[in-house]
Amino acid sequence: MAANILVPQSVRTMESPVTPEEWMDDGACLNKDPDQWFPDTREEIAEAKEFCKTHCKVRFKCLAFAMLKEKPYISESGKQVSNLRFGVFGGLDSKERKALQEEIDKKAEAEKEMTA
Ligand code: SF4
């Protein structure tokens with residue numbers, strides 16, 4: 001049961017509810033204090049990232065999930081909604097996930113131009 005899994009803070013702000021996924025049951029943070037993944041200091045951020053990288057077997061699923069949920073989306077009323085991006089997920093902090101997403105978008109755009 002995935003009820004206690006940490007979910008990205010951005011997910012909590014979305015209009016649609018989060019559907020628990022099976023991999024969440026295997027998250028190494030499952031029974032930890034969620035505040036640990038929303039750290040304030042550099043040291044705390046480093047600790048959370050290290051924990052994900054060294055203890056969690058679903059790290060990449062968590063990272064993909066967080067990045068997907070952090071993408072802007074179109075609401076039912078047709079407005080583009082930008083989700084907030086913070087906390088540590090999949091071993092990356094919010095700045096690292098933003099940079100990774102920008103890199104992915106850039107590569108996708110370049111591939112699109114090459115095939116056009
Ligand atoms: S990667 Fe980190 S935040 Fe994600 S489920 Fe694992 S321990 Fe939790």
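A residue counts as buried if 20 or more other C-beta atoms lie within 10 Å of its own, as exposed if 12 or fewer do, and as partly exposed in between; the C-beta atoms are placed from the backbone. Take Glu47. With 14 other C-beta atoms within 10 Å, Glu47 is partly exposed.

Now, what are we looking at? This is a predicted model, where local features need pLDDT of at least 70, side-chain atom pairs count only at pLDDT 80 or more, and totals for chains, interfaces and linings use all residues. Numbering starts from 1 along each chain, as its sequence is written.

Confidence comes next. pLDDT is the predictor's confidence in each residue, from 0 to 100. The chain averages 83, and 84% of the residues score at least 70. Confidence is highest in α2, at 96, and lowest in helix α1 (residues 9–12), at a mean of 41. Residues 1–5 have a pLDDT below 50, and that stretch has 12 contacts beyond near neighbours in sequence. Residues 8–16 are also below 50, with 22 such contacts. A contact means that two C-beta atoms, placed from the backbone, lie within 7 Å.

On to the layout. Helices (H or I, at least four residues) and strands (E, at least two) are DSSP runs, numbered from the N terminus. The chain has 4 helices and 2 strands. From the N terminus on, the order is α-α-α-β-β-α. Buried residues make up 24% of the 116 residues. Look at the contacts with a separation of 6 or more: 63% of them join residues 24 or more positions apart.

Let's go inside. A nonpolar core is a set of buried Ala, Val, Leu, Ile, Met, Phe, Trp, Tyr and Cys residues joined through C-beta atoms within 7 Å. The largest one here has 12 residues, including Trp37, Val58, Phe65 and Leu92. Helices α2 (42–55) and α3 (59–70) each supply at least two residues of this core. Which element gives the largest share? That is α3, with 4 residues.

Stay with α3. Its buried residues are Cys62, Phe65, Ala66, Met67, Lys69 and Glu70. For α3 that comes to 16 Å, and the end C-alpha atoms are 16 Å apart, so the two agree.

Next, α4, residues 94–115. Its 22 residues should span 32 Å, and its end C-alpha atoms are 32 Å apart, which agrees. This helix is hardly covered: 2 of its 22 residues are buried. Arg97 sits in α4. Is Arg97 buried or exposed? Arg97 is buried, because 22 other C-beta atoms lie within 10 Å. Leaving aside neighbours within four places in sequence, Arg97 is in contact with Ala66, Met67, Glu70, Arg85 and Leu92. Arg97 and Ala64 are 33 residues apart in sequence, yet 9.8 Å apart in space, C-alpha to C-alpha.

Now the loop between α1 and α2. Met24 is there. Met24 is buried, because it has 21 other C-beta atoms within 10 Å. Its C-alpha atom is separated by 7.7 Å from that of Val58, 34 residues away along the chain. Phe38 is in the loop between α1 and α2 as well. Phe38 has 17 C-beta neighbours inside 10 Å, so it counts as partly exposed. Phe38 and Phe86 are 48 residues apart in sequence and 7.3 Å apart in space, C-alpha to C-alpha.

Glu47 lies in helix α2.

Last stop, the ligand. A residue is near a molecule if its C-beta atom, placed from the backbone, lies within 6 Å of it. There are 13 residues around the ligand, and Gly27, Cys29, Cys52, Cys56 and Cys62 come nearest. What kinds of residue form this shell? The shell divides into 9 nonpolar, 3 polar and 1 charged. Here Ala, Val, Leu, Ile, Met, Phe, Trp, Tyr, Cys and Pro count as nonpolar, Asp, Glu, Lys and Arg as charged, and the others, Gly among them, as polar. Cys29, Cys52 and Cys62 belong to the 12-residue core too.

Notes
The expected span of a helix is 1.5 Å times one less than its number of residues.
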